[in-house]
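Hello! Here are some notes to read beside the structure, written for someone who is new to looking at proteins. Take them one at a time, with the picture open.

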Amino acid sequence: MPSVDSDRRRQLPAVDRVLADPRLESLQTLYGTGALATQARAELGALRQELAEGHLSAEELALRLARLPERLRDRLEARCGAPLCRVLNATGIFLHTNLGRAPLPAAVAAELVALSTAACDLELDLATGRRGDRAGRLSGLLSELTGAEAARVTNNSAAGLLLAVAALAGGREVVVSRGELVEIGGSFRIPEILAAAGARLVEVGTTNRTRLADYEKAIGPATALLLKVHASNFRLSGFVATVEAPALADLAHR
């Protein structure tokens, strides 16, 4: 005769039946049927093993099966990461990096829904039928907004700095105040970014005080850029002196 544990193992649902549970629809949408099925097989396999070893009572098995959606969610989040969720920004920081920076206006978000659920002309010139420039729209809008000659969108400021330095100062010198050789979010360090871009760092001033004359004395034939680093979440206070961007720009132009 089959053992009690063998009989109870027959109570375990088939994977197809688990996937048909309407409580799992959101998980299938977020993670895909394949990932969900993999974790369902793993969870059912663990239950089967515990039953074979006699570790689960009938009540415990019923509870585990009732909590199957929650356990599958935990497994998927541990494996693939938790999905984004809406939060309230009560930090006092208007554009908070960790909270997604600027929320999209509702009207813009509504327009994006239709574009994100179908194909679009992201990198196609409809007039010619040939490949277009995916950054062209943004470049034009940003140039109009800022008055710049051209614009490029990057994932973060570190990437933008690397591209700018590589284009304008590769193999040449970039002058930076010692008080601005900082590490920004994501463990990006100014000296390492400059080195990766192929530039040579020239340090001026001291950690707490840098004057315009320090920059002026450092300028030579190999100088390509005078770099001003935004302090962001880093501050020096007390006996300090820094050069503001307009004054530094004026020196660079001269």
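The points below go through the pockets, a sheet, some helices and one loop.

1. Before anything else, please keep in mind that this is a predicted model.

2. Let us begin with empty space. Rolling a probe the size of a water molecule over the atoms shows where such space is left. The largest pocket found here has a volume of about 1,100 Å³. Its lining is made up of 30 residues, and those nearest the centre are R101, N156, S157, A158 and I184.

3. Which elements give two or more residues to the lining of the largest pocket? They are α9, which covers residues 157-169, and β7, which covers 223-227. Helix α9 gives the most, with eight residues. Sorted by class, the lining of this largest pocket holds 17 nonpolar, 11 polar and two charged residues.

4. Next comes the second largest pocket, with a volume of about 450 Å³. It is lined by 14 residues, and C85, R86, V87, L99 and P103 are the closest to its centre. In this second lining, eight residues are nonpolar, four are polar and two are charged.

5. Now look for the sheet. It is an open sheet of three strands, paired in parallel, in the order β6-β3-β7. The strands at the edges are β6 (200-204) and β7, each of which pairs on one side only. On average, neighbouring strands in this sheet are turned by 30° against each other, with direction ignored.

6. How many bridges join strand β3 to β6? There are five, and these two strands run parallel, with β3 spanning residues 173-177. For a pair to look up on screen, V174 stands opposite L201 in β6.

7. Two helices to view together are α4 (residues 33-52) and α5 (residues 58-66). Their axes come within 12 Å and cross at roughly 180°. Angles over 145 degrees count as roughly antiparallel, and α4 and α5 are therefore roughly antiparallel to each other. On the α4 side, the contact is made by E43, L47, E50 and L51, and on the α5 side by L61, R64 and L65. Four of the residues in this contact are nonpolar, none are polar and three are charged.

8. Stay with α5 and look at helix α6 (residues 68-80). The axes of α5 and α6 are 5 Å apart, and the helices pack at an angle of about 60°. That makes α5 oblique to α6. Here R64, L65 and A66 in α5 meet L68, P69, E70 and R71 in α6. The contact of α5 with α6 divides into four nonpolar, no polar and three charged residues. Notice that R64 and L65 of α5 take part in the contact with α4 and also in the contact with α6.

9. Finally, where does R134 sit? Its place is in the loop between β2 (130-131) and α8 (136-146). R134 and E123 are 11 residues apart along the chain, and their C-alpha atoms are separated by 4.6 Å. Once its neighbours within four places in sequence are left aside, R134 is in contact with L122 and E123.

Notes. Residues numbered from 1 in each chain as written. Predicted model: local features only at pLDDT ≥ 70, side-chain atom pairs only at ≥ 80, totals over all residues. Heavy atoms only, no water. 1 Å grid on protein atoms, 1.4 Å probe; cavity = no way out; pocket = protein on both sides within 12 Å on 5 of 7 lines; lining within 4 Å. Points joined across faces, edges and corners; volume = space filled by probe spheres on them. Helix = DSSP H or I, 4+ residues; strand = E, 2+ residues; numbered from the N terminus. Nonpolar A, V, L, I, M, F, W, Y, C, P; charged D, E, K, R; others polar. Pairing = 2+ DSSP bridges. Axes fitted to C-alpha atoms, helices over the stretch in contact; angles between N-to-C directions. Parallel < 35°, antiparallel > 145°, perpendicular 65-115°, else oblique. Contact = heavy atoms within 4.5 Å.
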